Every structure is written in C-alpha cells, then in structure tokens.
Amino acid sequence: MAPRDFDRLADSARKRRAVLGLALNDINAKAGDIAKRTWQRVEKALEIRETNYVKIDRLLQWAPGSCITVLEGGEPVPVDPSKAESGTVISVLTPEAHKAEALKVIQLAALATTSGLPSDQIRAMSERAVKDLREAGLI
C-alpha cells in the first residue's frame with residue numbers, strides 16, 4: 001500500500017469547505033459528530049482515527065469513502081444531500097474494499113471486547129460476519 005497523502009486531503013478538504021461556505025467551528029464540527037480538533041487535524045495534514053474519515057466525508061458532502069480515496073491519490077465524489085433518495089448511499093469503494101474494511105472493523109471490535117480469543121477464531125468470526133452482512137445487502 002502506498003503511503004497516504006495527508007497534504008492532499010488537507011488541501012481538498014479546505015477547498016471543499018470553502019465551496020460549501022462552512023466555518024471551521026464548534027457548531028459545524030458538532031453537527032458532524034466530531035470534535036473541532038479532529039477537523040483541524042485533517043486540514044493540518046495530520047492523521048485522524050480511521051472511523052472519523054466518514055464523518056469528515058459527511059461534513060464535506062462527499063460520498064462515504066472519499067477521504068480515504070483522496071489519501072490514496074483519487075478524487076472525492078461530491079454528493080448533494082437534498083437530491084439523494086432516502087436510504088441511497090453512494091460509495092467510491094469497490095466490493096473488495098468494503099469487505100476488507102468490514103473485516104478490519106470487526107476484527108478490531110473482537111480484539112477490544114474479548115480476551116484470550118485466538119486469532120484464528122477472530123478471523124473466522126470476522127469472515128462469518130462479513131458474509132452475513134453481504135447476504136443482508138448491507139455491504
């Protein structure tokens with residue numbers, strides 16, 4: 001995996017925020033369910049928790065996964081929330097990327113909530129959860 005380009009994301013985020021006319025303040029950060037400091041870290045080209053990138057996507061009215069795409073050299077996908085159909089989600093991630101992200105999240109959750117569970121059991125549980133999510137049409 002190539003190194004992530006945090007400067008590129010910072011530049012894209014600042015430009016998008018300007019286009020949307022959003023101030024980098026506590027009110028807008030709170031509306032996006034993040035701390036102002038987290039938003040500032042993105043615009044200062046600093047890494048944030050993986051789970052917060054989707055919140056930044058939402059604040060900047062980008063499709064889910066856009067921040068990660070920008071970090072990896074791609075372009076964000078702007079969305080107009082007023083034109084989105086209820087329940088419609090636009091994603092820039094491939095099905096395999098969805099699977100990989102779901103596996104990572106489930107494995108981290110298993111590690112955080114269980115003690116002494118062997119890695120092969122965590123892996124099997126994660127793969128089963130991803131299979132179930134796919135069958136339910138959630139990923």
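The model is predicted, so local features need pLDDT of at least 70 and side-chain atom pairs count only at pLDDT 80 or more, while totals for chains, interfaces and linings use all residues. Residues are numbered from 1 along each chain as its sequence is written, and side-chain values use heavy atoms, leaving out hydrogens and water.

Let's start with the overall fold. The protein chain has seven helices and zero strands, where helices (H or I, at least four residues) and strands (E, at least two) are DSSP runs numbered from the N terminus. Of its 139 residues, 29% count as buried, meaning under 20% relative accessible area with a 1.4 Å probe, protein chains only.

Now zoom in on helix 3. Its buried residues are Thr38, Trp39, Val42 and Glu43.

Glu43 deserves a stop of its own. Helix 3 spans residues 36-43 and includes Glu43, which is buried at a relative accessible area of 9%. Leaving aside residues up to four places away in sequence, Glu43 touches Ala10, Ala13, Arg14, Arg17 and Leu24. With Arg17, the Glu43 side chain also forms a side-chain polar contact of 2.6 Å (N or O atoms within 3.5 Å, one able to donate a hydrogen and the other to accept it; residues adjacent in sequence count only if both atoms are side-chain atoms).

Note on methods: Buried means under 20% relative accessible area, exposed over 50%, partly exposed in between (1.4 Å probe, protein chains only). Contact means heavy atoms within 4.5 Å.
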